Amino acid sequence: MTETGVPPLLELNRVTVIRGDENKRVLDRISFKVLPGEHVAILGPNGAGKSSLIKVITREYYPLARKGSFCKVWGEKHWNIFELRHLCGIVSNDLQGMYARDISGLEAVLSGFFGSIGLQQNRVTPAQKRKALKILKFLGIESLKDRKMSVMSSGEARRFLIGRALVHDPRALILDEPTHSLDIKAAYHFKRMMRKIAASGVSIILVTQNLQDIIPEISRIILMKNGRVMMEGPKKAVLTRRNISRLFDMPIPVTRKKGYYYAMV
Ligand SMILES: Nc1ncnc2c1ncn2[C@@H]1O[C@H](COP(=O)(O)OP(=O)(O)O)[C@@H](O)[C@H]1O
Ligand SMILES: [Mg+2]
């Protein structure tokens, strides 16, 4: 419990995950908490274990059963995947791969109500449609609603997947490398949208290898390296030349401008 008596949104304690033929320790005693309403970034190089960590939350990867080891969402260890969707919307590149299909942007958002990839045989109620349209308006993508997901640019399609995750009014949105493959303009618009969602009271948990993705609303940073939490703390204390150089194993000067941080390499 937190001081206010409200459970943390997310709490991992000594989570270890072993995968693959070589029994690789993809996550090694990971512990951290995210409080309700907090915006956090999990930053680390490729292969650090960031996506594996998300798979623990979605129950695709199971941690080794050890005393004192757990992954709690909203104070509970056991959720079914349907309940989990109301708490955490998750947008990953895996999901985007599944959506490269002949369905419209609006249908993609509506499919969130059913937890399905397309709409299939599901019947959409007028209330669900109203809600989906409201979200599209909030995200500024209504004009693209009839465009097929298969022909949208990466940035456009990703915004519809955010819309899909928001239909349940989740308390948190977990974004795995959201600016991956976006050009400068698309990344800029994506970050503006992330800021708007953060300001609306949804916790943003941003998973990235890119300092520039860290929107000013994010106040705490968790650095991940080799399946471990290397360090965590307030943004200003963590995003220093020394820490970022250690994280990526090379000298990386870091600068800050208008609330954003940049790796000067
Ligand atoms: N199912 C798996 N089988 C074997 N190796 C895996 C599996 N899942 C993850 N890994 C390995 O664990 C490491 C961390 O992967 P990942 O979580 O995708 O890192 P990140 O998202 O930080 O780039 C990588 O070396 C990856 O190859
Ligand atoms: Mg990844």
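Q: In which strand of this predicted model is Ile-204 found, and is the residue buried or exposed?
A: In this predicted model, Ile-204 is found in strand β7, which covers residues 203–208. A residue is called buried if 20 or more other C-beta atoms lie within 10 Å of its own.

Q: How far apart are the C-alpha atoms of Ile-204 and Ile-218, and which residues does Ile-204 touch?
A: Ile-204 and Ile-218 are 14 residues apart along the chain, and their C-alpha atoms are separated by 7.7 Å. Leaving aside residues up to four places away in sequence, Ile-204 touches His-39, Leu-173, Met-194, Ile-197, Ala-198, Glu-217 and Ile-218.

Q: Which residues have the most contacts inside the largest nonpolar core, and which element gives the largest share of this core?
A: The largest nonpolar core has 69 residues, and those with the most contacts inside it are Val-109 and Ile-174. The largest share of this core amounts to six residues, and the element that gives them is α6.

Q: Which residues does Ile-174 touch, not counting residues up to four places away in sequence?
A: Ile-174 is one of the residues with the most contacts inside the largest nonpolar core. With residues up to four places away in sequence not counted, Ile-174 touches Ile-54, Ile-57, Cys-88, Ile-90, Ile-205 and Val-207.

Q: How many residues of helix α1 are buried, and which are they?
A: Helix α1, which covers residues 50–57, is mostly covered, with seven of its eight residues buried. Those residues are Lys-50, Ser-52, Leu-53, Ile-54, Lys-55, Val-56 and Ile-57.

Q: Are helices α6 and α7 roughly parallel or roughly antiparallel, and what is the handedness of the crossing?
A: Helix α6 (residues 154–166) and helix α7 (residues 184–199) pack at an angle of about 15°, with their axes 10 Å apart. Angles under 35 degrees count as roughly parallel, and therefore α6 is roughly parallel to α7. The crossing in which α6 passes α7 is right-handed.

Q: Which residues meet between α6 and α7, and what are they by class?
A: In α6, Gly-155, Arg-158, Arg-159 and Ile-162 meet Ala-186, His-189, Phe-190 and Met-193 in α7. By class, this contact of α6 with α7 has four nonpolar, two polar and two charged residues.

Q: What is the orientation of α5 to α6, and which residues make the contact?
A: Helix α5 (residues 126–139) and α6 pack at an angle of about 135°, with their axes 10 Å apart, and they are therefore oblique to each other. The contact is made by Ile-135, Leu-136 and Leu-139 of α5 together with Arg-159, Ile-162, Gly-163 and Leu-166 of α6.

Q: Where is Trp-74, and what is its phi?
A: Trp-74 has its place in the loop between β4 (70–73) and α2 (81–87), and it is partly exposed, with 19 other C-beta atoms within 10 Å. Its phi is positive in a residue other than glycine, and the value is near 55°.

Q: Is Lys-258 buried or exposed, and what is its phi?
A: Lys-258 lies in the loop between β10 (254–257) and β11 (260–263). Because Lys-258 has 5 other C-beta atoms within 10 Å, it is exposed. Although Lys-258 is not a glycine, its phi is positive, at about 50°.

How values were computed:
Residues are numbered from 1 along each chain as its sequence is written. Chains are lettered from A and ligands numbered from 1 in the order in which they are written. This is a predicted model: local features need pLDDT of at least 70, side-chain atom pairs count only at pLDDT 80 or more; totals for chains, interfaces and linings use all residues. Helices (H or I, at least four residues) and strands (E, at least two) are DSSP runs, numbered from the N terminus. A residue is buried if 20 or more other C-beta atoms lie within 10 Å of its own, exposed if 12 or fewer, and partly exposed in between; C-beta atoms are placed from the backbone. Axes are lines fitted to C-alpha atoms, for helices over the stretch in contact, and angles run from 0 to 180 degrees between N-to-C directions. Angles under 35 degrees count as roughly parallel, over 145 as roughly antiparallel, 65 to 115 as roughly perpendicular and the rest as oblique. A crossing is left-handed if the near helix is turned anticlockwise from the far one by less than a right angle, and right-handed if clockwise. Two residues are in contact if their C-beta atoms, placed from the backbone, lie within 7 Å. Ala, Val, Leu, Ile, Met, Phe, Trp, Tyr, Cys and Pro count as nonpolar, Asp, Glu, Lys and Arg as charged, and the others, Gly among them, as polar. A nonpolar core is a set of buried Ala, Val, Leu, Ile, Met, Phe, Trp, Tyr and Cys residues joined through C-beta atoms within 7 Å.
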